[in-house]
Amino acid sequence: MKRVLIVGAGKGGTALLKLLNETDRMKIVAVTDINKDAPGLGLAEAINIPTGAHWQEYIHKDIDIVIEATGNDEVFEEIRARRNQKTVVIPGSVAYITSELLEEKEALVQELKRQTENQHLILNSIHDGMIVIAPDAKVSFVNRSAEQILGMDKKSIIGRSIQGIIPASGLPQLLKSREKEVNQKLILENGKKVITTRIPMIGAGGKVIGAYAVFQDITEVVDLAEEITDLKEVKTMLEAIIQSSDEAISVVDENGSGLMVNPAYSRITGLSEDEIVGKPATVDIYEGESMHMKVLKTRRPVRGVRMKVGPHKKDVLVNVAPVIVDGKLKGSVGVLHDVTEIQSLTSELRRARQIIRSLEAKYTFDDIIGNSSEMTLALEQAKVGARTPATVLLRGESGTGKELFAHAIHNESERRHNKFIRVNCASIAESLLESELFGYEDGAFSGAKRGGKKGLFEEANSGSIFLDEIGELTLPMQAKLLRVLQEKEILRVGGTKPVHIDVRVIAATNMNLEKAIMNKSFREDLYYRLNRLPIYIPPLRERTEDLKLLTEHLIQKLNEDYGRHVTSVDKQAFQQLTSYHWPGNVRELENIIGRAMIYMDHLEEVILPKHIPNLTKEISTAPGANVPGNQWLGETLQQAVDEYEKRLLADAFQAHDFNKTQTAKALGISIRNFYYKLDKYNLDKHSMQK
């Protein structure tokens, strides 16, 4: 049972006293009022409830609820300040509304008795909802207020069981108990909160002829009481947050006059709060247009506008948003960002990203998907190699995952906490490759950095270096790499003193090195140095049993990238994938799955045959294949152009002995564009030599 103290014995307090005295869940401990003639004091004394002039003598006597019914804000705040933490303080507005409720209900009962002939008219005009049930618990009457509170029309209510309308209704129990229930709280199915009084209807001879409930929606009243109680606390908290924020914040009213700035704003602009508050929004602008005034005019936010503010001409970026309450523009809020700080952070982020990209091995053996015997053998060999310091040579076609193996070997080795440097030997110009790999001394050549520069081998000291496309090295560079592997030391360009290094080399190639040795384009002694632990990574066509696992893994990965919810591949579509020979290997598979997901509707979850792009069975390099002028085979113009471009690239690549730099130069395109086209058409030296 809750112990209640009523402060104030006027109209509202008296109403609450009457209400709470009729309920078994509340015990009124005392009623206080400084006015000795207050009507509530006499009523309290009549029903043996202690009274007094001062609430302070009762506030600490194990009180659960204090109802402040004086309507005095100072009294309300003092009670809140002196209450126990567990004591709930209810504002006086609730007492007033409650008294109004009681008066309305009493007036309703009297009106019903006096004017039965106008019953329906009266009941429909009152603010309270009313619903009447017959002895069978079916609704026989409902007024307009009840329809509005329930959110239902009269036709859908009359004749239905009351529990079908209000499942928690207590009216059916009144038909048996014959006892009224006063001021019961009830939450309706639509979330509205009501206070209801239920009364049985007794006819001639004491027979129950039905029951009715009178109820009022107090949702807004409860919300208002909570808002009144918390408003000052919320305001204080918001001001504290703004004042303590490191973001420079300013607030103006609907006319553009300053309302508030925080210390961070003053630090950036160099202007004090007194110089901004109450002044026009343009007062702090040195160069540029006032974004506050623009937002107030357009009612739309602006972001990332650059301007200069304050006497020190501080360069800032400005974000401003309108403050709109109930559709009315009340002002705007602006946030300044110091451009100098942003540039510094951006520079640090860029450097960090470069370090992460160049020094971190991202993948482990868990990221390599495959259960086939061929892939299992490759993984076992790689794990053995990871536990030794031996040089590893990864061999396999383009797109088979050689770089993943290199990452995983480093992460599994004892060097995993040191640097992992990646070098694509074919992507660096021959004239720069030596200085990039081995570094250079001060003044070694024109344009050399003052003080010299470390090479990638020195950067990778105590770690691992991954040399991709090792077969593209020129013979002079092969000789220098051989010295590194034999002597464990490098010589900078322009230097005379060798530098000792401790680097684990992981090399990779898709070239037939044995054939290159026969053609005198690759050194035999370097081959034997690199080939101590060769690991052959099988192409996708040799491990088609892994296709399902790979497809599921790629779908999960691309779902995260594209924000999709694709779950699987249709059986017929998967048959198309298994029947293809995959010259581009896993890289091509990822490309095909990704394109299929792009073409799918956003809510589709299964990849169907219509989503799979056309899969070419062979890369044809035969003269005249799909050359414009031949018989049209039903392909689109773009398909024909792509096929011709692919054939031309293949011919040129072969004509230049698979030298990428020379081929790109002969075709008149950049080496980067040439790499893109090779990847686009799945062209690589190994597959074209077959």
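User: In which sense do strand S18 and S19 pair, and over how many bridges?
Analyst: This is a predicted model. In it, S18 (residues 420-424) and S19 pair in the parallel sense, over 5 bridges.

User: Which residue in S19 is the bridge partner of phenylalanine 420?
Analyst: Serine 464 is the partner of phenylalanine 420.

User: And how do S19 and strand S22 pair?
Analyst: That pairing is parallel too, with 4 bridges between S19 and S22 (residues 504-509). Leucine 467 has alanine 507 in S22 as its bridge partner.

User: Why call S19 largely enclosed?
Analyst: Because 5 of the 5 residues of S19 (residues 464-468) are buried, where buried means under 20% relative accessible area.

User: Which way do the S19 residues point?
Analyst: Ser464, Phe466 and Asp468 point one way, and Ile465 and Leu467 point the other way. Both sets are buried.

User: Switching to the other end. What is the strand order in the open sheet of 5 strands?
Analyst: The order is S3-S2-S1-S4-S5, with parallel pairing. Strand S3 (51-52) and strand S5 (88-90) are the edge strands, each pairing on one side only.

User: How many bridges join S1 and S4?
Analyst: S1 (residues 2-7) and S4 (residues 65-68) pair over 4 bridges. Valine 7 is opposite glutamate 68 in S4.

User: Last one, helix H1. How many of its residues are buried?
Analyst: In H1 (residues 11-21), 8 of the 11 residues are buried, so the helix is largely enclosed by the rest of the structure. Among the buried residues are Gly12, Gly13, Leu16 and Leu20.

Note on methods. Residues numbered from 1 in each chain as written. Predicted model: local features only at pLDDT ≥ 70, side-chain atom pairs only at ≥ 80, totals over all residues. Heavy atoms only, no water. Buried < 20%, exposed > 50% of the residue type's maximum accessible area, 1.4 Å probe, protein only. Helix = DSSP H or I, 4+ residues; strand = E, 2+ residues; numbered from the N terminus. Pairing = 2+ DSSP bridges.
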